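Colleague: I have a fold here that I would like to walk through with you. Could you take me through it slowly, starting with how you define your terms?

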Amino acid sequence: MSVCESIRSRMHQTLRVDERFCLICNASLDEIHSFEDLYAKHRTICTDCQKQFKPIRKIFRIQNREWHILYQYDDFLERLFFRYKEQRDILLAPVFLERVQERLKIMKKYQVCGLCSSDQHRLYRGFEPLIELFKPYGIEVLSPLYKTKPVKQSAQSKAKRKQIQAILKRKELYSLSNKKILLVDDVCTTGSSLEAACQLLNPQCVFVLAAHPKWLQAHASMGIEKKSSFW
């Protein structure tokens with residue numbers, strides 16, 4: 001190789017875009033395996049991982065308030081949330097809402113408020129999971145609530161989960177505007193935390209990433225036929 005060719009080769013290498021990898025399985029995102037991959041320039045996960053998400057996109061009317069559910073909670077999402085929240089893999093934040101990212105702009109007409117982690121969990125993780133989930137898409141999540149105890153709802157019995165109303169409180173000096181409130185959460189297991197938050201904030205509607213199959217079954221009669229604004 002001549003000197004000129006060597007210089008040209010090295011200059012070409014410096015101009016190459018770094019190879020992109022799926023944030024979930026680390027597969028290359030620059031390889032084209034299907035027709036869909038031709039349009040995946042801004043995708044953060046591969047086609048195979050995207051197929052693991054099971055969107056249900058249902059709406060439930062609960063106490064005259066619409067609950068919009070994106071996914072059914074399953075083993076795949078359980079492992080993914082464990083990596084994200086408990087193993088503190090913050091780089092996974094964009095993957096959960098990528099499928100509906102074009103529709104999230106409608107949230108900007110609301111005050112988006114999220115359920116909070118306890119101070120202990122926040123310090124352990126170093127970030128607030130809900131805030132990071134929506135940040136890549138320009139959605140600011142407010143935190144007007146707090147917990148008086150470091151209780152993890154998923155580790156509680158059904159009876160104890162209902163006691164969340166005595167633990168979840170509204171911050172007295174946290175001001176909100178007059179805009180309508182959209183309450184968001186990542187996982188709905190029994191719905192106790194969200195119901196308590198609804199009493200404290202009186203949101204116009206609720207948006208949940210994933211709901212447990214038992215919750216979906218228990219509220220099947222409350223499902224309504226309506227095109228959701230979110231998908």
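Modeller: Accessible areas here come from the Shrake-Rupley method with a 1.4 Å probe, and for residues only the protein chains shown count as cover. On that basis the protein chain exposes about 13,800 Å², of which carbon and sulfur atoms supply 50%.

Colleague: What should I know about the model itself and the numbering?

Modeller: This is a predicted model, in which local features need pLDDT of at least 70 and side-chain atom pairs count only at pLDDT 80 or more, while totals for chains, interfaces and linings use all residues. Residues are numbered from 1 along each chain as its sequence is written, and side-chain values use heavy atoms, with hydrogens and water left out.

Colleague: How many helices and strands are there?

Modeller: The protein chain has eight helices and eight strands, where helices (H or I, at least four residues) and strands (E, at least two) are DSSP runs numbered from the N terminus.

Colleague: And in what order do the strands line up in the sheet?

Modeller: Six strands form an open sheet with mixed pairing, in the order β3-β6-β7-β2-β1-β8; two strands are said to pair if DSSP finds at least two bridges between them. The edges are taken by β3 (111-114) and β8 (223-224), each of which has a single partner strand, so one side of each is left without a neighbour in the sheet.

Colleague: Which of the pairs are parallel?

Modeller: β3 and β6 pair in the parallel sense over four bridges, with Cys113 standing opposite Leu183 in β6. β6 and β7 also run parallel and are joined by six bridges, and there Val187 has Ala210 in β7 as its bridge partner. The chain crosses from β6 through α7 to β7 in a right-handed β-α-β crossover, a term meaning that, with the strands pointing away from the viewer, the path from the first strand over the helix to the second runs clockwise. Strand β2 (residues 65-72) pairs with strand β7 (residues 205-211) in the parallel sense over six bridges, and His68 stands opposite Phe207 in β7.

Colleague: What about β1, which way does that run relative to β2?

Modeller: Strand β1 (residues 55-62) runs antiparallel to β2, and six bridges join them; the bridge partner of Lys58 in β2 is Ile69. The two strands form a hairpin with two residues between them, and Gln63 in the turn has a positive phi of about 50°. β1 is also joined to β8 by two bridges, again with the strands running antiparallel, and Ile59 stands opposite Ile224 in β8.

Colleague: Changing topic, which helices pack on the sheet?

Modeller: Helix α3 (residues 75-86) lies across β2, β6 (181-188) and β7, running at about 105° to β6. Helix α7 (residues 192-201) packs on the sheet as well, touching β2, β3, β6 and β7, and its direction makes about 165° with that of β6. Axes are lines fitted to C-alpha atoms, for helices over the stretch in contact, and angles run from 0 to 180 degrees between N-to-C directions; contact means heavy atoms within 4.5 Å.

Colleague: Is α7 mostly covered or mostly open?

Modeller: It is mostly covered, as seven of the 10 residues in α7 are buried, where buried means under 20% relative accessible area, exposed over 50% and partly exposed in between (1.4 Å probe, protein chains only). In β6, eight of the eight residues are buried, so that strand is largely enclosed by the rest of the structure.

Colleague: One last thing, where does Trp215 sit?

Modeller: Trp215 is in helix α8 (residues 213-218) and is buried, with a relative accessible area of 2%. Not counting residues up to four places away in sequence, Trp215 touches Phe60, Ile62, Trp67, Ile69, Cys188, Thr189, Thr190 and Gly191. Trp215 and Thr190 are 25 residues apart in sequence, yet 5.9 Å apart in space, C-alpha to C-alpha.
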